[in-house]
Amino acid sequence: MKFTSELCVAASFALTALAIPVMEKRATPTIYLAGDSTMAKSGANDGSTDGWGPYLSRYVTVPVVNKAIGGRSARSYSNEGRFTEIANLVKSGDIVVIEFGHNDGGSPNSASDNGRSDCPGTGEETCTSGKDGSTVYTFGHYVKAAAKTYIAKGATVVVSSQTPNNLWEGGSFSTSAPRFVAYAAQAGKEVGSGASFVDHFQAVLNAYRKLGNAGTNALYPKDHTHTSPAGADLSAQAFAQAIKLKLNGTTPIAPYVEAGNPTVW
Ligand SMILES: *[C@@H]1O[C@H](CO)[C@@H](O)[C@H](O)[C@H]1NC(C)=O
C-alpha cells in the first residue's frame, strides 16, 4: 500500500510538471481590460456612475480582470507602465481588450500639455510635449506597441473603439464618431495576426438608437461621458452582442460569450 501511494504521489508530481509547460495555452483564458473611466469600476462614492468593465463578466464564460483606470489615455496608460503591468500578467492563450479615446484628444504641443493627448495622426509621427519636451507618439503607436507585446507572449488582442458620449444629448440623435474610433480600427488591422477589432462605439450607438431619446438621456446622470450603472451594463451587453455577431470580424472572445445574453439592438 505504502509503495503504491508513493508511486501515486510521484506520478502526480510528474503529471503536474508536464501539465504546465511555459507556452501551453491555458484551458480557460483570462480576459484583461485596459481602458479609462468608462471601463473602470467607478470611484464615485454615491454609485451614480460606473464603467462597463465590471459588468462584462455577466456576459462571458471566462474570468475578467479589469485594469482600466479613470483619466487615462493610450499615452498616459503607456507612460505609467500600465500596459507593461498587464504584459507581466498575461499567459499564453489570454485575451487583452484595449479601449481608449475619451482622454486622447487635445494638443501635446501646448505648454499646458496634460500628459494624455496623443500626437495627431495614425502612423509614426511624433510630437514634442510643450510642457516637458518629451516625445509624444500617436494613438496607434501606443496601442500597436502594447498589442505586439501581448501577442509575443502568446496572448491575443481585441482593439475596441471607445464608448460614445450621450448620442441623444439635446434631444436629437448623433451618429458622428470621434477620430479615435477609426484610429482603433486601423491599429487593430495594422498589428495583423493575433489582433482583432470590435467597434464598441457602433454597438452602443445601435443600442442607443433603439433605446431612444428619453431612455438614453436617463443613463447620463452627471455629464455626457459617464453613464449610470444601468448604462454601463448596457455598454457591456452591446459589447458582448458585437462580439457574438462578429460585427467587425471574429475576435478571440467569441467562443466565450454566454448563451442567452440580452439583445440590445
Ligand atoms: C464595424 O462594423 C459595422 C457593421 O458592419 C460598421 O457599421 C462599422 O462602421 C464598422 N466599424 C468600423 C470602424 O469600421
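**Close-up views of a predicted model**

In this predicted model, the count of cavities of 30 Å³ or more comes to 2.

**View A. The largest cavity holds about 70 Å³ of space.** Its lining is made up of 13 residues. Those that lie nearest the centre of the largest cavity are Thr38, Thr163, Thr225, Thr227 and Ser235. By class, the lining has 7 polar, 5 nonpolar and 1 charged residue.

**View B. The second largest cavity has a volume of about 40 Å³.** Residues Gly121, Thr122, Gly140, Lys144, Tyr183, Gln186, Ala187 and Glu190 line this cavity. Helix α6 (179–191) and helix α5 each supply at least two of the lining residues, and α6 gives the most, with 4 residues. The lining of the second largest cavity divides into 4 polar, 2 nonpolar and 2 charged residues.

**View C. An open sheet is formed by 5 strands in the order β2-β1-β3-β6-β7, with parallel pairing.** Strands β2 (64–66) and β7 (195–198) each have a single partner strand, so one side of each is left without a neighbour in the sheet. From one strand to the next, the twist averages 20 degrees.

**View D. Strands β3 (residues 95–99) and β6 (residues 156–160) run parallel and are joined by 4 bridges.** Within this pairing, Ile98 has Val159 in β6 as its bridge partner. Helix α5 (residues 139–152) packs on the sheet and touches β3, β6 and β7. The direction of α5 makes about 175 degrees with that of β3.

How values were computed. Residues numbered from 1 in each chain as written. Predicted model: local features only at pLDDT ≥ 70, side-chain atom pairs only at ≥ 80, totals over all residues. Heavy atoms only, no water. Pairing = 2+ DSSP bridges. Axes fitted to C-alpha atoms, helices over the stretch in contact; angles between N-to-C directions. Contact = heavy atoms within 4.5 Å. 1 Å grid on protein atoms, 1.4 Å probe; cavity = no way out; pocket = protein on both sides within 12 Å on 5 of 7 lines; lining within 4 Å. Points joined across faces, edges and corners; volume = space filled by probe spheres on them. Nonpolar A, V, L, I, M, F, W, Y, C, P; charged D, E, K, R; others polar.
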